[in-house]
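Here is a short briefing on one protein chain. Look at the sequence and the 3D view, then work through the points below.

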Amino acid sequence: MKNRIKEYRVQESLTQEQLSRKVGVSRQSIVAIESGKYNPSLELAFKIAREFNCSIEDVFLFEEGENK
């Protein structure tokens with residue numbers, strides 16, 4: 001699943017460390033999610049989207065046919 005976390009994070013002038021603290025995960029988790037190596041839980045996806053004041057669909061881009 002692709003995402004726009006880095007784009008939103010840069011708009012908000014947040015570092016990966018700052019975002020990780022706000023949503024309650026490690027910086028390494030944010031790195032892995034941004035790079036597409038890890039898909040967050042639904043709860044974490046909601047927390048991230050809420051932090052950017054947008055919907056999950058705005059942050060996470062699901063493409064039909066993905067099998068991850």
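The structure is a predicted model. Its largest nonpolar core has 16 residues. Helices H2 and H4 meet in a right-handed crossing. There are five salt bridges.

**The nonpolar core**

- Six residues touch the most other members of the largest core: Ile5, Leu19, Ile48, Phe52, Val59 and Phe60.
- Five helices each supply at least two residues of this core: H1 (5-11), H2, H3 (27-34), H4 and H5 (56-59).
- H4 gives the most, with four residues.
- Leaving aside neighbours within four places in sequence, Ile5 is in contact with Leu19, Ile33, Glu34, Ile48, Phe52, Val59 and Phe60.

- Phe60 lies in strand E2, which covers residues 60-61.
- Is Phe60 buried or exposed? Phe60 counts as buried, because its relative accessibility is 6% and the cut-off for buried is under 20%.
- Phe60 touches Met1, Lys2, Asn3, Ile5, Ile33, Pro40, Ala45 and Ile48, not counting residues up to four places away in sequence.
- Phe60 and Arg21 are 39 residues apart in sequence. In space, their C-alpha atoms are 20 Å apart.
- Ser20 sits in helix H2, which runs over residues 16-23.
- Ser20 is buried too, with a relative accessible area of 1%.
- Beyond residues up to four places away in sequence, Ser20 touches Val25, Ser26, Arg27 and Ile30.

**How H2 packs on H4**

- Two packed helices are described by the angle and the distance between their axes.
- The axes of H2 and H4 come within 10 Å. They cross at roughly 115 degrees.
- The crossing of H2 past H4 is right-handed.
- Which residues meet here? From H2 come Leu19, Lys22 and Val23. From H4 come Leu44, Lys47, Ile48 and Glu51.
- The residues of this contact divide into four nonpolar, no polar and three charged.

**Salt bridges**

- How many salt bridges are there? The count comes to five. Three of them follow, each with its N to O distance.
- Lys22 and Glu51 join their side chains in a salt bridge at 3.5 Å. Lys22 lies in helix H2 and Glu51 in helix H4 (residues 42-51), so this pair ties together parts that are 29 residues apart in sequence.
- Lys22 is partly exposed, with a relative accessible area of 48%. Glu51 is partly exposed at 26% relative accessibility.
- Glu43 and Lys47 form a salt bridge at 3.7 Å. Both residues lie in helix H4. They are four residues apart, about one turn of the helix.
- Glu43 counts as exposed, because its relative accessibility is 54% and the cut-off for exposed is over 50%. Lys47 is partly exposed at 33% relative accessibility.
- Arg4 and Glu7 form a salt bridge at 2.6 Å. Arg4 is partly exposed, with a relative accessible area of 27%. Glu7 is also partly exposed, with a relative accessible area of 39%.

**Loop residues with positive phi**

- Ser13 has a positive phi of about 55 degrees, although Ser13 is not a glycine.
- Where does Ser13 lie? Ser13 is in the loop between H1 and H2.
- Ser13 is exposed, with a relative accessible area of 62%.
- Asn53 also has a positive phi, near 55 degrees, and Asn53 is a residue other than glycine.
- Asn53 is placed in the loop between H4 and H5.
- Asn53 counts as exposed at 73% relative accessibility.

Methods:
Residues numbered from 1 in each chain as written. Predicted model: local features only at pLDDT ≥ 70, side-chain atom pairs only at ≥ 80, totals over all residues. Heavy atoms only, no water. Buried < 20%, exposed > 50% of the residue type's maximum accessible area, 1.4 Å probe, protein only. Contact = heavy atoms within 4.5 Å. Salt bridge = Lys/Arg side-chain N within 4 Å of Asp/Glu carboxyl O. Axes fitted to C-alpha atoms, helices over the stretch in contact; angles between N-to-C directions. Left-handed = near helix turned anticlockwise from the far one by under 90°. Nonpolar A, V, L, I, M, F, W, Y, C, P; charged D, E, K, R; others polar. Core = buried A, V, L, I, M, F, W, Y, C linked by side-chain atoms within 4.5 Å.
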